[in-house]
Protein chains: 2
Amino acid sequence: MESPWKVYTSLYLLLIAIGFVSIAGKKTPSSRRAAFHFDESLINIWPLPKQFTAGNRTVTVDPDLALDLQGSGRVSTIVAEAFDRFRNVVFKQQSGYAGGEFDISKITIVVASDDETLQLGVDETYALYVSEGRGRGGEEGKLSIVGGASIEANTIYGALRGLESLSQLCIYNYKLKVVEVNKAPWIIHDEPRFSFRGLLLDTSRHFLPVNAIKQVIESMSYAKLNVLHWHIIDEESFPLEVPSYPNLWVGSYTKWERYTVDDASEIVDFAKRRGIHIMAEVDVPGHTTSWGVGYPDLSPSSNCTEPLDFTKEDTFDVISGILTDMRKIFPFGLFHLGGDEVHDDCWISTPHVNQWLQQRNMTTKDAYQYFVLRAQQIALAHNWVPVNWEETFNTFKENLSSQTVVHNWLGPGVCPNAVANGFRCILSNQGVWYLDHLDIPWEDFYTAEPLEGIHDSSQQKLVLGGEVCMWGETADTSDVLQTIWPRAAAAAERLWSPRDTTSSRNLNATVLPRLQYFRCLLNHRGVPAAPVTNQFARQPPIGAGSCFAQ
Amino acid sequence: MESPWKVYTSLYLLLIAIGFVSIAGKKTPSSRRAAFHFDESLINIWPLPKQFTAGNRTVTVDPDLALDLQGSGRVSTIVAEAFDRFRNVVFKQQSGYAGGEFDISKITIVVASDDETLQLGVDETYALYVSEGRGRGGEEGKLSIVGGASIEANTIYGALRGLESLSQLCIYNYKLKVVEVNKAPWIIHDEPRFSFRGLLLDTSRHFLPVNAIKQVIESMSYAKLNVLHWHIIDEESFPLEVPSYPNLWVGSYTKWERYTVDDASEIVDFAKRRGIHIMAEVDVPGHTTSWGVGYPDLSPSSNCTEPLDFTKEDTFDVISGILTDMRKIFPFGLFHLGGDEVHDDCWISTPHVNQWLQQRNMTTKDAYQYFVLRAQQIALAHNWVPVNWEETFNTFKENLSSQTVVHNWLGPGVCPNAVANGFRCILSNQGVWYLDHLDIPWEDFYTAEPLEGIHDSSQQKLVLGGEVCMWGETADTSDVLQTIWPRAAAAAERLWSPRDTTSSRNLNATVLPRLQYFRCLLNHRGVPAAPVTNQFARQPPIGAGSCFAQ
């Protein structure tokens, strides 16, 4: 699922160097301060809520802010934990406020449902109110809306989204030494545009420690992304423990670059507590060389280490065993079966495989279809909706399970075709949403539109959303976060906010400063998001300057 | 304190691009697994302890490991907190051990002194014992040394170093699902070679949020670095709150890129709990343009924004006020007064400054000395030992306070000269220990020797140690950690471990695999250390592969 990255990488880096050489010639002495003017009228919630009204008051927030949890959902520990994280993020600085009583000293969160189930399409709606405060010494403002701040949601996951928005409204005033909310009173009604707002993480090309994955998940929650597509395994390494086939993770790089079942479960739980699904992938039949390290018979031969040997029933038994074990770990309703880049040359050149085909009068294309459909049946038998990369749809759409979710990556136009054929679709067009393509600027991530070319509303409903892809050839623990951020945030707003609000013709005025602000917010929270307007992703700043201006 | 970085940066990046272009042409298919062989005989404690003996047993560690804190130091909360961090780092993975009782279920830490004072030269000695275990079912091993594991130290800070070493011995066995210590029994007697093992962090060229600074400090403790040289202020921005002169931080980039007094105190406390000093710097009289944003009179004129205007007594009052306020924050005995790169051209071209000089028959060089010596007096009056960049020593060593610590940066040979003149010295030769010089490979950091050219033992004692410098022009929150690590670790071993053990002629065999291992350990703990052998610092991996091989 990756275009020839090496060529890209070298090209990018050469361009970077040329860019830097010319930039480095410039002198940027004391003009720095003049260069930065932050437009205080902009709304610094990322992604932008669906509907909101703001006022012109500034209210103070009590560092001992109390939580009043109401509704059936009050029994959930997930909201209470999210509130603790909220407090850690918002009240980082000491308060030394000398202004008397605080305007907001309690937040009321009302969650209607006690159902903690996290499935695709779970209700993420919330309403957020921040009152205009009591004024100095008076009480009238306190009663203006509901008193202080409140969040109302149907589910705990809606409440999490509301808390995230509120956290972004809370800004420390360094002069008064107090957390404030500007532009109160706030009335926000918000819900996502798409139910699937994903990020792919590849732990085969480089192993990412559990800690690093958790950092990614935590940062996703700040941008309201809600699906981590965990591309666990690929041809380079097989890091996951599969109890039914204990030699599979012998294909890990080292004995230390592995995930136990408990590790994977911990990641799923950590994500769930942030309202994030984990969509696991087992990419078959290509990209499977690492399987053969532990079980050589899965490869057609020692010269042909992939695609998997479809002539043996054992191969499908192993896939079934893997999915049986993984079903206990991954509760999400979608499961990714890959299916991309199946290079069948060495099937032909392997005598027993070629013979099998000839006996059945099958082509390698037939074998590819045979394999994918059997894998789909296994996934369906495990009560999973199968997701496949687009080649399966492109090659034999007429035989795919009608439940299949088509995952676009090669280029534009696939989702219109898929939904016209009744399939659901996820957009990951590599020209705009591949994070490892370092030359794609934030604007291209921002303006990529999942419904492009789809005009029929019933077909539009089949587009689940989209996913930015962080392939791992050149991304490991040392650079994965700054390659993801801030560009993933651009896609996140596209996927959450209404289409009309994300379709501004003047991105530099209305979106760029907000994204720069969000990047600095990520930095403030410990996420090493790269400068927004640097010429190539994850490059360091080109010189001294304010975070907000870079 | 920075050579013309822009030229360097562009040069490096061009070289990087060229390097990548050539590298990208190579194919590296399935050779990956063959390429990696980890030498299990190597000792994976970084930096290497002074003395140790190891055995050949593997012992298991109870995930419910108990702490038995003894000695006068048992009253300190610092060791107990460090033990909590130790547990978080060591017992990340779930234990599913089915092997019965654990060999080590208690660690005894004996700290002789209850004195929590952290000053230069504080005793960091420790002894660490890990018994060879009880064996399977027997009890004999349990009594072999002291039972389980123990650390003995004179101070709590020695105990912290011992805990760090023990944490590095504890390795998760993915097959048995248990933390083990290999090569038991262990007897380690350890102490640092130098008392000053520093890292400079520059928060003026780019503001680093408190969170980012804490991440740096936490990571320093893993390599037993013990001084964070906080270059808080420079010409680009003045982020620190100074209550006596409340307009100084108007010189910050934005109202959000600031440190309150409480922020600074929190950093000092956070560092102390890890046995790390904070050495603050106020660099005068050059590098001070940002002071003039809030107090324009501190600059000679609007055309000459630095060096500071020495003709006004107010200038020295402000310095005195800053140091008075900072003394309440920074308990460390050393204070850095800068003194580097004083470009005096615009002193001459400013009429009232030039007149002042002529009236007193002084040159600009005299004025530079006058300024530095007055600043030294202010620091001394605040009971601080003044540290100055080497230009002060190079220019008027005969008049410097004898207490002055000379901080080398320009090149080799300065410390021998300084100690021959009776001054103490810190090595930061930019050719080997500047982290923002991306072309300096780890080997050069490793082989830089603070006592090079100093043969007299009484003079050797005047070398406090050394410091690697992370200047901030191209380092912000997005890239500071991967620019620091792993190269700072190479210097850390040089500064901690005995000279003979760090003077191997075969670095690639004896040191490189250990450093690669330590880099992966940092990754595992969430620190985004860059690949060790990449051609230029902080570059991403050039292709898929094991952490331990990159």
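A salt bridge here is a side-chain nitrogen of Lys or Arg within 4 Å of a carboxyl oxygen of Asp or Glu. Between domain 1 of chain A and domain 2 of chain A, 3 salt bridges are counted.

## Basis of the description

Residues are numbered from 1 along each chain as its sequence is written, and chains are lettered from A, with ligands numbered from 1, in the order in which they are written. Because the model is predicted, local features need pLDDT of at least 70 and side-chain atom pairs count only at pLDDT 80 or more, while totals for chains, interfaces and linings use all residues; side-chain values use heavy atoms, leaving out hydrogens and water.

## Domains of chain A

Chain A is assigned domain 1 (51-190) and domain 2 (196-511), with bounds taken from an automatic or database domain assignment. Taken over C-alpha atoms, the centres of the two domains are separated by 36 Å. Their contact (heavy atoms within 4.5 Å) takes 18 residues from domain 1 of chain A and 17 residues from domain 2 of chain A.

An unreviewed UniProt entry places the feature "domain: Glycoside hydrolase family 20 catalytic" at residues 194-498 of chain A; its positions follow the numbering used here, feature names are shortened, and annotations may be inferred rather than shown by experiment. Residues 194-498 of chain A are 39% helix and 13% strand, and the end C-alpha atoms lie 10 Å apart. Helices (H or I, at least four residues) and strands (E, at least two) are DSSP runs, numbered from the N terminus.

## The interface

About 1600 Å² is buried between domain 1 of chain A and domain 2 of chain A, and carbon and sulfur atoms give 52% of this area. Buried area is the accessible area (1.4 Å probe) that two parts lose on being put together, summed over both. Leu118(A), Leu120(A) and Arg161(A) supply 39% of the area that domain 1 of chain A buries against domain 2 of chain A, more than any other three residues.

## Cis peptide bonds and a positive phi

The peptide bond from Ala184(A) to Pro185(A) is cis, with omega near 0°. Pro185(A) sits in the loop between strand 7 (178-184) and strand 8 (186-190) of chain A. In chain B, a cis peptide bond joins Trp46(B) and Pro47(B), with omega about -5°; Pro47(B) lies in the loop between helix 2 (32-35) and strand 1 (51-53) of chain B.

Lys177(A), a residue other than glycine, has a positive phi near 60°. Lys177(A) belongs to the loop between strand 6 (170-173) and strand 7 of chain A.
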